[in-house]
Amino acid sequence: MKLQHAKQNTDVVIQSILIFGPRIGKLEGITATVYLVDNFQPKFFQAGPVPYSIRPKVEEELQRLEKESVIKSVSQSKWASSVVPEVKKNGQVRLCGVNH
């Protein structure tokens, strides 16, 4: 009986590490379909200005997100939204998407 509880506790710890670990989780093996209203036109919003003082941190965060396959660099697109960088208390930058 005690062995079963220990295994359950171990499973919970492993799941917690996977969920709350330092990396961003990815949902794989799922195909999604996006339905658009008829005659919907793509929207492209230009990037806003980034203060010089945080540009290196924004660049670092973009590289981190690209490395983890959260975002992908493209040369052109019909769809784009801007992001607003926010400096967290620990000095790191959080990129927040803008819902236009």
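**Close-up views of a predicted model**

**Figure 1. Arg64 and Glu61 form a salt bridge, with 2.8 Å between the closest N and O atoms.** The structure shown is a predicted model. Both partners, Arg64 and Glu61, belong to helix α2 and stand 3 residues apart, about one turn of the helix.

Figure 2. Through shared partners, the salt bridges join Glu61, Arg64 and Glu68 into one network.

**Figure 3. The largest nonpolar core is built from Ile54, Val58, Leu65, Val93 and Leu95.** This core has 5 residues. Helix α2 and strand β2 (93-97) are the elements that give two or more residues to the core. Ile54, one of the core residues, touches Pro85 and Val87, residues up to four places away in sequence not being counted.

**Figure 4. Phe40 and Trp79 form a stacked aromatic pair.** The ring centres of Phe40 and Trp79 lie 5.9 Å apart, and the angle between the planes is 10°. The pair links distant parts of the chain, its partners being 39 residues apart. Phe40 is in the loop between α1 and α2, and Trp79 is in the loop between α2 and β1 (83-87). The count of aromatic pairs comes to 1. Are the two partners buried or partly exposed? Phe40 is partly exposed, with a relative accessible area of 42%, and Trp79 is partly exposed as well, with a relative accessible area of 45%. Phe40 is placed in this class because its value of 42% lies between the limits of 20% and 50%.

**Figure 5. A nonpolar patch on the surface comprises Val34, Leu36, Val37, Phe40 and Trp79.** Together these residues have about 560 Å² of accessible area. Phe40 and Trp79, which belong to the patch, are also the partners of the stacked aromatic pair. Phe40 lies in the loop between α1 (2-20) and α2 (55-67).

**Figure 6. The protein as a whole contains 2 helices and 2 strands.** From the N terminus on, the order of these elements is α-α-β-β. Of the 100 residues in the protein, 9% are buried. The protein exposes about 9500 Å², of which carbon and sulfur atoms supply 57%. Among contacts between residues at least 6 apart in sequence, 59% join residues at least 24 apart.

Notes: Residues are numbered from 1 along each chain as its sequence is written. This is a predicted model: local features need pLDDT of at least 70, side-chain atom pairs count only at pLDDT 80 or more; totals for chains, interfaces and linings use all residues. Side-chain values use heavy atoms; hydrogens and water are left out. Patches are made of residues with over 30% relative accessible area and no salt bridge: like charges are joined within 9 Å, nonpolar side chains (Val, Leu, Ile, Met, Phe, Trp, Tyr) within 5 Å. Accessible areas come from the Shrake-Rupley method with a 1.4 Å probe; for residues, only the protein chains shown count as cover. A salt bridge is a side-chain nitrogen of Lys or Arg within 4 Å of a carboxyl oxygen of Asp or Glu. Helices (H or I, at least four residues) and strands (E, at least two) are DSSP runs, numbered from the N terminus. A nonpolar core is a set of buried Ala, Val, Leu, Ile, Met, Phe, Trp, Tyr and Cys residues joined through side-chain atoms within 4.5 Å. Buried means under 20% relative accessible area, exposed over 50%, partly exposed in between (1.4 Å probe, protein chains only). Contact means heavy atoms within 4.5 Å. Rings of Phe, Tyr and Trp (its six-membered ring) pair if their centres lie within 6.5 Å; planes under 30 degrees apart count as stacked, over 60 as edge-to-face and the rest as tilted.
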